[in-house]
Amino acid sequence: MHKLTESILDKFSMDYLRNQVLKNAYGNDDTVIAGLDPRVLLVWYLFFGLVPWFLNDLVILLGLFIFVALTTRAAKIAPLVLFLFCLGVFSQTGYLLIAALFFGGDASTVAPLLVMTLKVAVVSLASITVFSGLDPDRLANGMLWFGCPDQLSFSISFAYRILPVLMEEFQNILLSYRLRGNPPAKKTFPGKIRYLFYQIKLIIQAFYPLMLNTAKRSRTTVEALEIKGYRYALKNPTVKKMKLAMLKVTRNDGIFAAVSIVWTVLCVLVSAVSPL
Amino acid sequence: MSKIEIEHVTFTYPGADAPTLNDLNLCVEEGDFLAIVGNNGCGKSTFCKTLNGLIPHFIVGDMTGSIRIDGVDTREQEIGDLAKRVGYVYQDFENQIVCPTVLDDASYGCLNYAMEDYKERGKNALQICGLSSKISDYVWQLSGGQKHLLALAGAAALSPDVLILDEPIAQLDPAHADQIYEILKEWNETYHKTIIVIEHHTEYIARYCKHVLLLRDGKNVWQLPAQEAMRRVKELRRSNIFPPQVTIAADRMAEEGLVPADESFPVNIEEGKAFFGKYLRHLPESTRMARTPGGGESLVSFRNVTVRYRAVKGQAPRILDQFSLDIRKGEKIALIGSNGAGKSTILKMMMGLVHPEEGSVLLDGREIKDFSKEEVGELLSLVYQNPEEMFIQDSIRADIAYAMKVRKVPEYEKRTEELLAQFRLTELAERDGRLLSGGQMRRASLAIGVALNPKILLLDEPTANLDIATRREVMNTLQMLKGITNTVVIATHDMQLVCDWAERIIVLSGGYVIADGPKEQIFADLYVRSQVGIRPPQIYDMGRALGIANPCFTIDEFIGYFKEGEERYA
Amino acid sequence: MNAKNKMTQSQKMMVFVLTMSLYGLATLFTELIPSFQVGIVEFSVEYFLFIPLTLAMLFDPLSAALGAATGELVFSEIMLGQFGGLGELEKFLTVTIGVYIAGRIVKDPRNRKVVAAASIIGVAVQQFMGCVVDILKVQFAVEDFEAVAGLPESVFFTEGFACLNDILFSGILFCMLPTMYLAPRLYGKIEPLLGVKPRDKDTMIAGDYVLTPKMVGMVLIGFAAAIASELLASGGYELIDWEAAWAGNTTSIIIGIIVAAIIALIVIGMIRGRAVKNAETKQA
C-alpha cells in the first residue's frame, strides 16, 4: 500500500500534473465534442446529469453508462482525469458499501448501492465529457448564455490563464525546499509515515512564499483588468451580446442530439424486452 | 497644444513620507518618441500611471496639479475613456495577460469597450506585432519575448494615441529587443503614435528615441533631444544611467586629454568612426592568443543527451539533440543562445530535475539519476532567474541558514553571519527577501545559493530585469564568490556580463552547441553571431569598425589604443 | 462614486483574484494527495482551507470567502471535470459561510489564540453544515431509507464520524495549525503588496460586533439555500421517481424520461428567460 502511495507520488510530479491539466484543458480542442455548441452540451449535460438519479433500471443505466463512456472517449480526456473519476466513484459508494456490510447489511442493501454506483458513474462521466471536453472559453460563454454571472465566466477563463503560471511557480518553490531541505529517511515504516508528513508539511509551508508572490502578481493583473475595461463590460449588456454572438448551432449539434435521443430510446426498448 | 501637458503635479502614496512626484512640469508633443530615464525610485512608473488615469482613479493617494491629455484633465475622464487614448505595457507584462488564448487577449479590451470589430482590431494589432502566426495559440505556448509582444498588442488594439512601455526589453535577447523597438518605430513613424518608454538601455535610446526626460526625486531635471541627452554623461551617471559605451569612452578620453573636450561626443558607432578615427594612434597586428580551455577534471558531463518537452498534443519537440558537453573544475562558463535555445534545460538537467530521454548526465562520474535531490543539492546549487522563488522563509537570515540548519551543519549560525557580512546583507538580515530591491534580492539569492559550499554554482539569468547599475552590483557579487565556489555556470543574454566575467562561452542554437571557446573566438565568429543573435558590447564593435584587430571588451582596453605605446595593453 | 469607494472595489477584486487562484490550485492538489485508511478511520487531506482562512483574516472576509468558493468550483470541479451540477452550490455556500465567519471573528491577526479559535470555528461551521446536508441527501437518494437494514445507522455513523474526523484531523492539522503559522507571519508583509493598510481597529470592516443580526440572518439563508440546492440536485426528483415506481412498467419509465427531459428544458427556458429579462432591465 505504501509502495503504491510512493509510486503515485512519483508519478504525480508537479510537472506531470501540470502537463495533464493543460492537456485536459487545451489538448483536445480538435475533437468532435469540443466543436459542439456549448449550449447544446450543457442541455445534454442537464439531461444526463439528472435523469440517472431517478432511474432504477439496471439495463437502462448500463446503456447510458456505455453511451457516456463513448462520449468521454470521443472527448479525448486526459488519463489523470479518468483516474480521478474512478477514484471518485469508488470512494463515493464504495465506503458506504463496506459500512453497510459492517452493520449487517445483505443483498437488499448491496443492490441499491450498485444501482447508485452506476448512477454516480453516468453522471460523473457526463460531467467530464462536458466540462473537460469543452474549451474553457466556449464553456464560459455557454454558461454566460444561460445567465450565469459574468464573474464566473471570467473566473473560468482567468483560471485557465493563470494555472500554468501558478503551477510553475509552485513547482519552483517546492524545488527550493527539496534541494535545500533534508527529509527524514524513508526506509522503515515509521520513517515512511514521517516522510509523508514531511511532504505534506512542505506543501503547506510552500504556500507562504506562494501567497506573497501571487499577491505581487495580482496587483498588476487587477490594474490591467481595469485598464482593459473589465468593469465596464460588466455594466454594459451589449458586450455580453457580442460575446454570445459567436455561439452557433451547427449540423453536428443536431446529429449529436439525435444520436443521444435514439440511443436513450433504444436503451429503454432493450430494457423492456430483457428479462432483467 | 501639446499632446500631454503636466503642470505642478505632486503625488504622494498613502502612508509614504515624501511625495513620489514632486511639482513635476512637462509637455510631450504629439508624435514624440520619448524615453524616461532616472534611478530606481525616481517616480518613473508612478508618472506613467498618472497618464492612464490609474492615478488618481484607481490607486489612491494625494495628488495635486493637473494632467491634461489632448487638453482634457485626466480627473474629468473615466479610466475607460483614458484607456482608449493611452495604452500601457507593464514591466511584469506577464501578469497583464488575462485570457488563455492569444487572439482573445489581444482583443479583450476592445470587446470590453463594446467595439463591434473587436476581432479585427485584435488581429490587426497582432499582425503589426508580428504575432500573426500565433493567433490561435495558447498564451503558455509563447516564449517570453512573444508574451511581451502580446501584451503590447493588447494595449495597442484599442488604438490609443499614446503608448507607454515600462522597461520593454529587460528580459529579451538582442534579436527580440530589436524587434520590439522596430515595431515601436513603425508605430511612431507610420501611425504617428506618441511613444513613451521607461528605458535604461541607452544604446536603444540613442538609436530609436527622439527625446529623453531625466527624472530625479520626482522632478523634471531636463528634457532634451536624445542625442544631446546621451552626451550629458556626468548627469546621467549621477542618476545611475550609463550612456552608450562609445559616449562614455569619448567622455573619459576628453578628461584625459586624448580628444578635445569641446567636440560633440559620438552616441553610436557611425559617429564614433568619424570621431575616434582621427585620434587612433596604434594599429597593432593581432597578438593576443585565444586561451584554450584548461584540462581540469570533469565534474559534469553530458553524453549524447536528447531531451523533449512533454507535449500537450502532437509530437513532442526536441530541446536538445545528441548533446555532449564536459564541465571541468574551476571553469567560469557562460551559456548563451536565444530565448528557448535550451539553456535552462541544461541547468535543470544538471540538477537532476529533467531527465534525458536518451544518453546520460554524469555528476562526479556517477549517473545523476542515482542521486537523491538532497544529495544533488549539496554538490550543486541553482539560483533561479526569478529570485522570489528562492525565498522560502520569512527573513534573509532564515533563508540562508535553512539548508545548513536542516542538515545540522555544525556552527551554522556562525557561517550564516559570515555569509550575511560577505554579501553585505547584515543590515537586511531580518527583512523578507521579496520586499527588497532588485539588486538586494540577487545578492541574497546568491548568498542562499552558496550556503552549502556547492562544488558548482548554476545561475539562470542573474542580471535579467535589472538596470545597468544593479547589473554592475551583481557582477561585483560574482567576484565575491572567489574562494567559495570556483566552478560557475551562468545562462545569460547579458553580453557585458559574459565579457567581463566568463572564461569559456558555450553557444547553443537549435539544440546543438554551435560554438565553444573563449570570448575572443566567439565574438569574432560572425557566423555564430548571425545564427543566435548574440551581440558583443558596443565597444567591441567600435574597435572592429576602427580596424583594431585585437578585440577590446572593455572601455579601458579601447582607450589604451589612443595612448602611448607601453600603456596599450593595460 | 467617490475615490474611497473605488479603492475598496479594486482591493476587493485583488483579494478575490488572489484567493481564487491560490485556493483553486490547492484544491487541485487535494484531489491528488492519497488518503490512507487505518481501520475505519480515514485520514485524508480534505481541505487546504487555511489559505482562504488566512486571507480572510488579513483582508476583506467576504471577497476572500467568495474567491475561495469560486476557486474550488473552477479549478477542481470544472477544470478536472468533477463538476457535480447543482450540488456544487452546497459546497460553494458552506465554504463561503465558514470562511466568512472565521474572517469576521479576527480583529488582530497577530493574536494567535484568536486566529486558532476562529479557524477551527470556521471549519466546524463548514463541516457541520456539509454533514447535515450529506445525511439528508442519502435519506432522499436511497428509496425506503428507513426500511433498508442497517442503512440509517451506517449513514448517521459514517457521516457523523467523517464530520468529526474532518474537524479534528483536517481541521486542526490542515486549517488551524497552518493558519496560526501563516496569519501572523504574513501580517504587515502581504498588505503593502496589494496597496492595503494592515488590518487594525480603524481599518476593520464596519460593524464592530462579531455577530450582527444581519450576518446571522445571511448565514441562515445561505445554509437553507445550500440544503435546498443539494436536495434539489439529488433528491428532489424522487417525487417523480416514486410515481414511476408505482406503475413499475416500461411505459412509466419512458414517461418518466420524457417528463424529465421536458422539465430540463423548462428549467433551461426559465433560467434563460430570467437572464434575458435581467439583461433587458439592465439595459433599460
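1. The angle between two helices is taken between their N-to-C directions and runs from 0 to 180 degrees, with axes fitted to C-alpha atoms over the stretch in contact. The points that follow concern a predicted model.

2. In chain B, helix 15 (residues 396–406) packs against helix 16 (residues 412–422) of chain B; the angle is about 140°, and the axes lie 9 Å apart. Helix 15 of chain B is therefore oblique to helix 16 of chain B, because only angles over 145 degrees count as roughly antiparallel.

3. The crossing of helix 15 of chain B with helix 16 of chain B is right-handed. Helix 15 of chain B contributes B:Arg397, B:Ile400, B:Ala401, B:Met404 and B:Lys405 to the contact, while helix 16 of chain B contributes B:Tyr412, B:Arg415, B:Thr416, B:Leu419 and B:Leu420. Of the residues in this contact, six are nonpolar, one is polar and three are charged.

4. Strand 11 (residues 298–308) of chain B is antiparallel to strand 12 (residues 318–328) of chain B, and seven bridges pair them. Among the bridge partners are B:Arg308 and, in strand 12 of chain B, B:Arg318.

5. Strand 11 of chain B also runs antiparallel to strand 14 (residues 358–363) of chain B, to which five bridges join it. Here B:Thr306 is opposite B:Glu358 of strand 14 of chain B.

6. Between chains, nine residues of chain B touch eight residues of chain C. On the chain B side of this contact with chain C, five residues are nonpolar, two are polar and two are charged.

Conventions: Residues are numbered from 1 along each chain as its sequence is written. Chains are lettered from A and ligands numbered from 1 in the order in which they are written. This is a predicted model: local features need pLDDT of at least 70, side-chain atom pairs count only at pLDDT 80 or more; totals for chains, interfaces and linings use all residues. Two residues are in contact if their C-beta atoms, placed from the backbone, lie within 7 Å. Ala, Val, Leu, Ile, Met, Phe, Trp, Tyr, Cys and Pro count as nonpolar, Asp, Glu, Lys and Arg as charged, and the others, Gly among them, as polar. Helices (H or I, at least four residues) and strands (E, at least two) are DSSP runs, numbered from the N terminus. Angles under 35 degrees count as roughly parallel, over 145 as roughly antiparallel, 65 to 115 as roughly perpendicular and the rest as oblique. A crossing is left-handed if the near helix is turned anticlockwise from the far one by less than a right angle, and right-handed if clockwise. Two strands pair if DSSP finds at least two bridges between them.
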